[in-house]
Amino acid sequence: MNKRMTLREAVEQFVPDGASVALGLCLESLIPFAAGHELIRQGRRHLTLIGPISDMLFDQLIGAGCVDCVMAAWVGNVSAGLAHCFRRAVEQGLPHPIEVRDHSNFTMSLALLAAALGAPFIPTRTVLGTDLPNTNPDLIESTNPLTEAGEPIILVRAVQPDVAILHVQRADEEGHAHMWGNLGISVEAALAAKAVIVVAEEVVERDVLLSDPNRIIVPAHKVVAVVEEPGGAHPSPVQGYYGRDHDVYHEYHRRTRTPEGFQAWLEEWVLGVPDRTAYLARLGAERWQRLQRRRSAPSVPVDYGY
Amino acid sequence: MDYTPQELMVAAAAREIKDGEVVFVGMRLPLIAFVVAKRTHAPTAVGYFECGIVRETPSPELLYTMADPPNVVGAAWATQLPYLMGLMASGWVDVGFIGGAQVDKHGNLNTSYIGSFKAPDVRLPGSGGAADIASLARRLLIIMAHERRRFVEQVDYITSPGYGEGGEWRQMVGLPRGGPSAIITTLGILRFDERGEAYLASYHPFTTVDEVRANTGWALNVAPDVHPTPPPTEEELRIIREYDPHGFWTR
């Protein structure tokens, strides 16, 4: 089945108001900024965002008023500092108050893994003694029934996102998708989610994907939409395609200290551009060219023959 | 002084890594400390990066974040976060590095809420992997700026557990192992006594015991043999400056 569509169509059809959305799942790389910006342009409201750390994208969605709840381990700007919109939402209720369920990276991954396994929870000894269970009802303090002493244990409640948005290197129109490099919690989130939207640097022939099935991230029947969006992860990096545009993170940090500054930034880079092609044009060909892969580092092909 | 406080901190952090150890490498300065350790006394140390990377050699270029593409090229494993966290939970990680906004005398760290979590004065980013590293690594190294408002008697919120209230607290709450072994600060190095309370082990050559105490929000114990922190060697400085030539992290 051909699931190819535009990002606008994918967001319209599969991310309604009130949806829980997992995104930014590789940590600092392969962040689906183009998809996040489309959520903002379409004025989505009442979203629950699910992720490990979020390098800048959650801050933008929160500042734009799309978000009611955040389930994450960290919301900030990795190379520049604190997240101003996240701070304003929690500290001042601007543009409106949000609920935060504080995870660690491990507990977030276990919450998604539990859903991926069809389990109600996963027990762990991480975060014992911390305050995280006080600010996250999905971390439940319990005791280990397998020990006589009843040792303390944390039960991490399963979290099943309505949709996971994955930015990948390449996919075919049916939703077979290849991802390489650090995977973070992408596999857990894609397996846990009710539906997966794949945003790819390139849409290629099915044969290319099926020639290396170990690199496929999730069964294609879970994928509901395939979008070809080159540059869709900028300013985050895509292994084999382009590097991280560090300056964007620092500029965003500087410009969004005030709500007015954030609004101006949003007009310039999200609301004022219709799509990713226009975004990249605004970025400028020379700057975009500078970020492109400078040297190749191909893997040696494996032989699946018999 | 021909080095920066950050360069001294990187060198001091690198010296905490022993050869052959598995290191959970954190954001920012630890990215460079791992490189310095690998290129000096710990050539067989292995680095875990929580985004899903294992390295046996330093990345070929400076990292701004651990998921920058140079960190994947030549990696010894590219994988999923829960596998690396799971290895740490099973006891495979010797030492982990984290930073903090607020630390207390028992090495508990807060990177979540300043003030009450119900109505915080400042909402900080949160745990990331820090709570896991502090819970599960065999020993923990904390790297942070030494300021009175950050070094408090008791943190407002425990994001990452140190020695809790001291004594047998970690065992009591069910943590499997670990605890902080040092806090490397912009002014000195703090270590922990058998009750889990921090004391000043060394002060950096450009400061004094009194200055460290004045910048600490509790009555800081001082080791009887307190001494100046050894400055970075020429070799350590050369490696740091080759790796971070524009001083993004170290100046």
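Biologist: How many residues does the contact take from chain A and from chain B?

Modeller: This is a predicted model, where local features need pLDDT of at least 70, side-chain atom pairs count only at pLDDT 80 or more, and totals for chains, interfaces and linings use all residues. Residues are numbered from 1 along each chain as written, chains are lettered from A and ligands numbered from 1 in the order written, and side-chain values use heavy atoms, without hydrogens and water. Contact means heavy atoms within 4.5 Å. By that rule, chain B gives 52 residues and chain A gives 54 residues.

Biologist: Which three residues supply 13% of the area that chain A buries against chain B?

Modeller: Buried area is the accessible area (1.4 Å probe) that two parts lose on being put together, summed over both. Here the two chains bury about 4,100 Å², with 62% of it on carbon and sulfur atoms. On chain A, the trio that supplies more than any other three residues is Trp74(A), Phe106(A) and Gln239(A).

Biologist: Which residue of chain B forms a salt bridge with Arg294(A)?

Modeller: A salt bridge needs a side-chain nitrogen of Lys or Arg within 4 Å of a carboxyl oxygen of Asp or Glu. The rule finds two across this interface. In one of them, the closest N and O atoms are 3.6 Å apart, and the partner of Arg294(A) is Glu61(B).

Biologist: And how many nonpolar residues has the side of chain A that touches chain B?

Modeller: Ala, Val, Leu, Ile, Met, Phe, Trp, Tyr, Cys and Pro count as nonpolar, Asp, Glu, Lys and Arg as charged, and the others, Gly among them, as polar. That side has eleven charged and 21 polar residues, and its nonpolar residues number 22.
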